[in-house]
Amino acid sequence: MAGAPDLLFGLRNNFYLGAFQAAINSGDVQNLSEEDAIERDCLIYRSYIALGSYQLVINEIDSSAATPLQAVKLLALYLLSTDNKETVISSIREWLSEAAIGNNPILRLIAGIIFMHEQDYNEALKYTNAGGTMELNALNVQIFLKMHRSDYTEKQLRIMQQIDEDHTLTQLATAWLNLAVGGSKIQEAYLIFQDFSEKYQMTSLVLNGKAVCCMHMGNFDEAESFLLEALNKDAKDPETLANLVVCSLHLGKSSSRFLSQLKLSHPEHMLVKRGSTAEESFDRAVQTV
Amino acid sequence: MLTKFETKSNRVKGLSFHSKRPWILASLHSGVIQLWDYRMGTLIDRFDEHDGPVRGVHFHQSQPLFVSGGDDYKIKIWRMNDTKAWEVDTLRGHMNNVSCVLFHARQDIIVSNSEDKSIRVWDATKRTGLQTFRREHDRFWILGCHPEMNLLAAGHDSGMIVFKLERERPAFSVSGDSLYFVKDRFLRFYDYTSQKDTQILPIRRPGSISLNQGPRTLCYSPTENAILICSDVDGGSYELYIIPKDSITRGDTVQEAKRGVGGSAVFVARNRFAVLEKSTNQVLVKNLKNEIVKKSALPVAADAIFYAGTGNLLCRAEDRVFIFDLQQRLVLGDLQTSFVRYVVWSSDMESVALLSKHSIIIADKKLVHRCTLHETIRVKSGSWDDNGVFIYTTLTHIKYCLPNGDSGIIKTLDVPVYITKIFGNTLFYLDRDGKNRPIVIDSTEYVFKLSLLKKRFDHVMSMIRNSELCGQAMIAYLQQKGFPEVALHFVKDERTRFNLALESGNIQIAVASAKEIDEKDHWYRLGVEALRQGNSGIVEYAYQRTKNFERLSFLYLITGNLDKLSKMMKISEVKNDVMGQFHNALYLGDVQERIKILVNAGHLHLAYATAKTHGLNDIVEDLADKLNGSVPNLPSGRSSSLLICPTPVLCGGDWPLLRTMKGIFEGGLDNAGKGGNEEYEDAADADWGEELDIVDVENIQNGDISMVPDDEEAHEDNEEGGWDLEDLELPPDVETPKAATSRSSVFVAPTAGMPVSQIWVQKSSLAAEHAAAGNFDTAMRLLSRQLGIKNFTPLKSLFIDLHMGSHSYLRAFSSAPLISLAIERGWSESASPNVRAPPALVFSFSQLEEKLKAGYKATTTGKFTEALRLFLSILHTIPLIVVESRREVDEVKELIIIVKEYVLGLQMELKRRELRDNPVRQQELAAYFTHCNLQLPHLRLALMNAMTVCYKAGNLITASNFARRLLETNPTAENQTKTARSVMQAAERNMKDSTQLNYDFRNPFVVCGATYVPIYRGQKDVLCPGRIRCFRLTVFSSSDQMIHKSFLQSYQSQFFSLNVSGFRSRVEDFCLVADVLCCYIREPITLNCRLDFGYEFSFWRFDIQIFVFLEFVEIWCRLKTVTVVWHSQSGVGL
């Protein structure tokens, strides 16, 4: 709560709200302390990762870079190809066991993300549960949500609220939880996304958030308009496409265009997988009945 | 002078009339106050309580009170009744002789002034001093009080002052279409649309007694319904009220508000407000519980804060305002201003108006200065209209300010008002009594100017056409602002018109005006302008009109118009204008002519020289003779020749001008052509029936068939969907060490909880919900058990859609896996969190209704395959529809019956088309089709079809039967009637059928859905187990008879154990039941029914029961012709 201006505020905010290109563009901040400069670089490289430019990150971070950056590089390697998985996991385990760097929050965060991808939530929590940064706390929230443990999510969220209730991540995490528990909380989630859209630039993340809230409130028409707006901003955003598929189904419209777009651009997307497993299980079920 | 009454009192220094009674008070230099009845001329009473002279006395307007003030520095309050008066109290405080004292006209206070150079305000009830105003050097002598308004005046040694004691501006805040404001001790709410004023809640009375402690500002958060009221109490403090959602309390109980001290308080987000702590120059951000969430130091000392968008504050410092971002702790913009009193944001938050006492500054959201207006009269309030014009009030006027800083008066005011909101040209204001009033203002002027400014000329034009707005001021404005072409349209006076036309370069109008005026000067100016524009035609015309030959010649020269130039020469000759003649000759290069002119003019030497130069030797000699040898000595050594005149490259003509769009002001703008939007239902590709070649019958036309969809949209009354959820909680915390949350070395990760989809499966017995959850095997088992469905292949895509539509996707943390969220059905605002509702299903009854309409349409246009596909898909989807009410069950049942008929009919029609070489079967199928229960237009088409087929095959009786039926439907299409009539006529002439059909229209029948063979009434139904209205089972498979059998078996076993004799043979009636089974009712009600012939049975599902029961009743009546008496235990009526 110091009085000094928070120079990385805009960058961080853009990153959290999914305005990755804006985050990269706003990275030119002068007069940063060394620590802040590393944070800035991490955020920028993570933005590139979010945009899918894995190779760029891998190329630009050399072996002399600081631990957090190395961790970011590991994430890029992990996401680049499934072939790298094992080496990445073994090296991240190795680093985490080193006393000197094992406690680095970014390293722990990246470890958490990677183990989440591996669906090994226990392992992920092993590194992230202690918290320490807002990002780690937010990741914990997400892990608990994935585990369908809203009770733990709530506890984690309370910690975040105590630290800074108005922090973008606190607000976002509140919205995630609200959506997960449903009922009257969905309105609150909607208000949070609404606040974001008024305060900052509209990103597909925020628009998707609003759309998801609308869908959960049974308002598929409005959801569709948000999603189409998001599609205008980013025609390839997988979540927009996935949610559009869901939304179109509910509106009785054809969803095949969006689905095939998604299948082409993101064959690994959760919705695509859901569709293919559904087909398999249908065929299997027909045999048994 | 008309003397009414006179006393001989000594040196009367003060006088006061009683407002109603015939009384007058007189205070004397001696210290005595006398009360006189001036009508009777008697002294009622005298009071001798003051020491020394009494200079001021004053009756209270309504109460039996008066005050007096004297040179003993005291003020005395007196009470009186009909007979006497007595002193009630003495106010001490003045340090010198009291000059004047009086009761305030509108407030319960006493105001006095004195030679001690002060004015004092006293509470009349509590009789305590409230406030003192001092002057440095001037003693006060006299006071005056306005009888109605809140105004006082005081005279002192060097002049007088007019003043008021309390602010009269009500605290208010506009939110959307409503206004929140404070009046007296109440927070009130005003709705602009209904213009209703409602009291919301009482607010706290200021604790302290001093003046000006009322609410100063008000701030409202719409989402949270919270109100912040700031006042000057305790040197600046705020109170936070939450407006109760449900009720608007009329009571007098003051809500326990949350309070705090601070310079000003405003909402910065829906549930956050900022409070200025002046002592530390910090902004405290608080939540609605009044707890501090955050503190931010301001970079510049500020004495007030205002709202500036979410998370931002507009702060007022000594000589500037600045916008501060609370999160980034950055100053986003600042602006030098005088002391800003009020801040008004436009509704889009793009512009802000900063109101000072005598000026208004308009700036954008980053405080970039746009314009400043200075007013000599105090600025009171303002608001933005929808077009971005700022409308404001001064003490005396309502005025506007355009985005470019132009301003003007809209209306004069008698009393000051506070604008709260503007809708179009209705302006809402609060007056000083706290009343909301709308007034309609004439917005023409500023809207016009704004349109000009925004270059929306179409708008400008229509305003010019429609309104009488005009006047010199407007013309001057237009001219000054560079819109002479617009001004042109206002002006009738030709001279002004001419000037404006020239200014705007509109030659046509200028010419027209010049013709009207017809003055040399105007022609000349027209010529100059036309020349500038290269419009030589007009230039020529202008010069001709003014007979300006020289210019005209020169114009012809430069435009290469040699013909006219030579004419000019002739004209000069006729006019004897030698010089002009010579010029023209020179221009034309006509040397002979020049010589001739020179000779005629007597300039023989010059003529000689000219001739010599150009080598005209015979003339030279001739001239030399005339000159008698005194020939001029010309330089030699030059070859002499005639001029060769250059041929003009381009002759005459105006300069080519760019083709420009005709300005909106030039052409008429009534070319707003109406794009006809035709929307014909295209039935051109209709594929109904073949041609029927009767002599006078053309094609059957379907184009004009209007579909008659069943518009009776039954609305669903959403009855409580009886999901009685036995709150299935999330699994309890598995024994986890409590300290696990943070800073613990031993962290045990919790076990995973139960996904929502699993909860759905546990709670539901509906196949569709199991499918949505992805449990296809249980879904199939349910369908198989409930409906006997065996073939699931047609349901595959439906199952997958249900499953895919059951979750939404949320990108949470960047690069981390997605969160998928279960979408639940029947959301309501009040639903409690963490209680899982059933899944939202992608199929709904309304979708099916849409499909039905599409099916009808496809049928109308003859796209039978498409129609059949649609109808079948309706039937396929129905088992997966979940409805919530009995009414909807009825609707679904109805839908099944409709669709079933169409499916059968369309299948037969398609089959018929395959059988081109079997005319008998063709006729039969066409005939059966007409017995399906179709919409009227479709029935007509089917009848036409059957009629045509039969007629062609020579079955005239049958054809005429169809014709008759067709006519009975009163066809709207002319040609249908005509065809039918002619078929009937043909049949009458020749009553015979050439082939025998299996079709007896007199005998009611049903058609087997598998073999398309009629089963007549009275025929033994058991005759063909495979042919019993099996078409209903085409729902699941149109060909698989195995399904059919198993279906029947399952129902036989379930229902026929009742063993009601005579029912077994009517198996097919249960098919209807089976159809109905497809729709579910939530909450099965078990109902015991008893038929009076002795059978008692109960069904496990309410819906099944109803329809099965109806069927039983119906069948029973038919078979036994007895009345069935039945009753239900639960009282559900049928």
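Biologist: Are B:Arg921 and B:Glu924 buried or exposed?

Modeller: A residue is called buried under 20% relative accessible area, exposed over 50%, and partly exposed in between, with a 1.4 Å probe and protein chains only. Here B:Arg921 is buried, and B:Glu924 is buried too. Please note that this is a predicted model, in which local features need pLDDT of at least 70 and side-chain atom pairs count only at pLDDT 80 or more, while totals for chains, interfaces and linings use all residues. Residues are numbered from 1 along each chain as its sequence is written, chains are lettered from A and ligands numbered from 1 in the order in which they are written, and side-chain values use heavy atoms, leaving out hydrogens and water.

Biologist: In which helix do B:Arg921 and B:Glu924 lie?

Modeller: Helices are DSSP runs of H or I with at least four residues, strands are runs of E with at least two, and both are numbered from the N terminus. The two residues belong to helix α22 (residues 919–929) of chain B, where they are three residues apart, about one turn of the helix.

Biologist: How many salt bridges does the structure hold over all chains?

Modeller: A salt bridge is a side-chain nitrogen of Lys or Arg within 4 Å of a carboxyl oxygen of Asp or Glu. The structure holds 47 of them over all chains. One joins B:Arg921 to B:Glu924 (3.2 Å, N to O). Another links B:Lys164 and B:Glu168, whose closest N and O atoms are 3.1 Å apart. In that pair, B:Lys164 counts as partly exposed because its relative accessibility is 32%, whereas B:Glu168, at 13%, is buried. In chain A, a network of salt bridges links A:Arg93, A:Glu123 and A:Lys126.

Biologist: Which strand is joined to β9(B), and by how many bridges?

Modeller: Two strands pair if DSSP finds at least two bridges between them. Strand β10 (residues 109–114) of chain B runs antiparallel to β9(B), and five bridges join them. Within this pairing, B:Val98 is opposite B:Ser114.

Biologist: How many residues of strand β9 of chain B are buried?

Modeller: Strand β9 (residues 98–103) is mostly covered, with six of its six residues buried.

Biologist: Where is the other hairpin, and which residue in its turn has a positive phi?

Modeller: That hairpin is formed by β32(B) and β33(B); B:Met349 in its turn has a positive phi of about 60 degrees. Five bridges pair these strands in the antiparallel sense, and B:Val343 has B:Leu354 as its bridge partner in β33(B).
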